[in-house]
Amino acid sequence: MDRFVTKTPRTPQEKNELKNNHPELKQATIEAMQGVVVIEDIKRLKLRLKLPDQSPSVLLECLNELSQKIPPRNVLRSTKIGHTVHKLCTHSDVAVAKSANSVYKMWYQHFKEFRDRPQIEVRCDAKTQTTRTNATKLLASSLGQQAGEGDCGTHAKAIEQEVFYQSKRLVGVHYKRTIRTLVFKLKHLKDLRAQVFDKSVSTGDLVKKFKK
C-alpha cells in the first residue's frame with residue numbers, strides 16, 4: 001500500500017503548529033532545586049558582592065542568583081552570606097537595595113515558617129583543594145604587581161572560584177588551562193590588571209574571555 005501513498009513536506013505553518021502544541025521540555029537538575037545549595041556557589045557570590053566598588057549590575061546579578069536559593073541555617077552561619085546581603089539593604093543604588101531587601105526577607109520568612117532541614121553539600125577532596133589553593137596563590141602573585149597582598153587575595157579568590165564554577169566544578173584540563181592563561185595575561189598585561197581592580201571588567205566576563 002505504501003506505493004500508493006503520496007508524502008508531501010509540511011508547510012511552515014504546520015511546523016509552527018506542531019511546536020506550539022508540543023513545547024520542548026527541559027530536564028530539571030538537582031542543583032536547580034531551590035532547597036539544594038552548593039556551598040561553593042554561596043562563597044563565590046559572597047566574594048563578588050563584597051568586592052569594593054562593585055558595579056550595581058553585577059550586584060543585581062548575584063542577588064538574583066541568591067533569590068533562587070534558600071541556604072540552611074548552618075550555611076548562613078558558616079558563610080555569613082546573610083550579613084553580606086543585609087548590608088546591601090542600605091546600598092546607595094535603589095535597585096540593589098530593593099533586591100537585597102527582597103532576598104533577606106524571603107530567607108527570614110522561610111526560617112520563620114519552617115524548621116531547618118538537611119541540605120546537599122558539595123565538598124572538594126584533598127587533591128582538588130590543594131590544586132585550587134595553588135591556583136589562587138598563582139593568581140594572587142600575578143596581581144601582586146598592581147596592589148597590596150590583601151586586595152590581591154580577595155580578587156584572586158573571586159577569579160579562581162569563577163573559573164571553578166565555569167569549569168562545571170571540575171579541576172580538569174579546561175580548569176588548569178584557563179588558570180594558566182589568566183595567570184600569564186594578568187602578569188604581563190598591565191591594562192588588564194587595572195581593569196580587574198577598577199571593576200571595568202567583571203569577574204565573570206574576565207573568565208569567559210580567557211576560558212579554554
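**Ground rules.** I worked from a predicted model, in which local features need pLDDT of at least 70 and side-chain atom pairs count only at pLDDT 80 or more, while totals for chains, interfaces and linings use all residues. Residues are numbered from 1 along each chain as its sequence is written, and side-chain values use heavy atoms, with hydrogens and water left out.

**Helix 9 against helix 11.** I looked up how helix 9 (residues 173-188) packs on helix 11 (residues 203-210), and found an angle of about 105° with the axes 9 Å apart. Helices here are DSSP runs (H or I, at least four residues), numbered from the N terminus. The axes are lines fitted to C-alpha atoms over the stretch in contact, and angles run from 0 to 180 degrees between N-to-C directions. Helix 9 is therefore roughly perpendicular to helix 11 (65 to 115 degrees; under 35 is roughly parallel, over 145 roughly antiparallel, and the rest oblique). I listed the residues that meet: T178, T181, L182 and K185 from helix 9, and L206, V207 and F210 from helix 11. Contact means heavy atoms within 4.5 Å. By class, this contact of helix 9 with helix 11 has four nonpolar, two polar and one charged residue. Nonpolar is Ala, Val, Leu, Ile, Met, Phe, Trp, Tyr, Cys and Pro; charged is Asp, Glu, Lys and Arg; polar is the others, Gly among them.

**The faces of helix 11.** I then asked which residues of helix 11 are buried. They are T203, G204, L206, V207 and F210. Buried means under 20% relative accessible area, exposed over 50%, and partly exposed in between, with a 1.4 Å probe and protein chains only. Down the axis of helix 11, these buried residues fall within an arc of 165°, so they line one face of the helix. The arc is that of the directions from the helix axis to the C-beta atoms. K208 and K209 are exposed, on the face of helix 11 turned away from its buried side.

**Helix 9 against helix 10.** Helix 9 and helix 10 pack at about 100°, with axes 5 Å apart. That again makes the pair roughly perpendicular. K185, L186, K187 and H188 of helix 9 make the contact with K190, L192, R193 and V196 of helix 10. The residues of this contact divide into three nonpolar, one polar and four charged.

**Loop residues.** K80 has phi near 60° and lies in the loop between helix 4 (73-79) and helix 5 (81-87); at 49% relative accessibility, K80 is partly exposed. R169 also has a positive phi, of about 60°, in the loop between helix 8 (149-166) and helix 9. R169 is buried, at 18%.

I also noted two C-alpha separations. D93, in the loop between helix 5 and helix 6 (94-113), is partly exposed at 25%. The C-alpha atoms of D93 and P56, 37 residues apart along the chain, are separated by 7.0 Å.

**Cysteines.** How many disulfides does the whole structure hold? I found zero, a disulfide being a pair of cysteine sulfur atoms within 2.5 Å. C62 is buried at 1% relative accessible area, and C89 is buried at 14%.

How values were computed: Helices (H or I, at least four residues) and strands (E, at least two) are DSSP runs, numbered from the N terminus.
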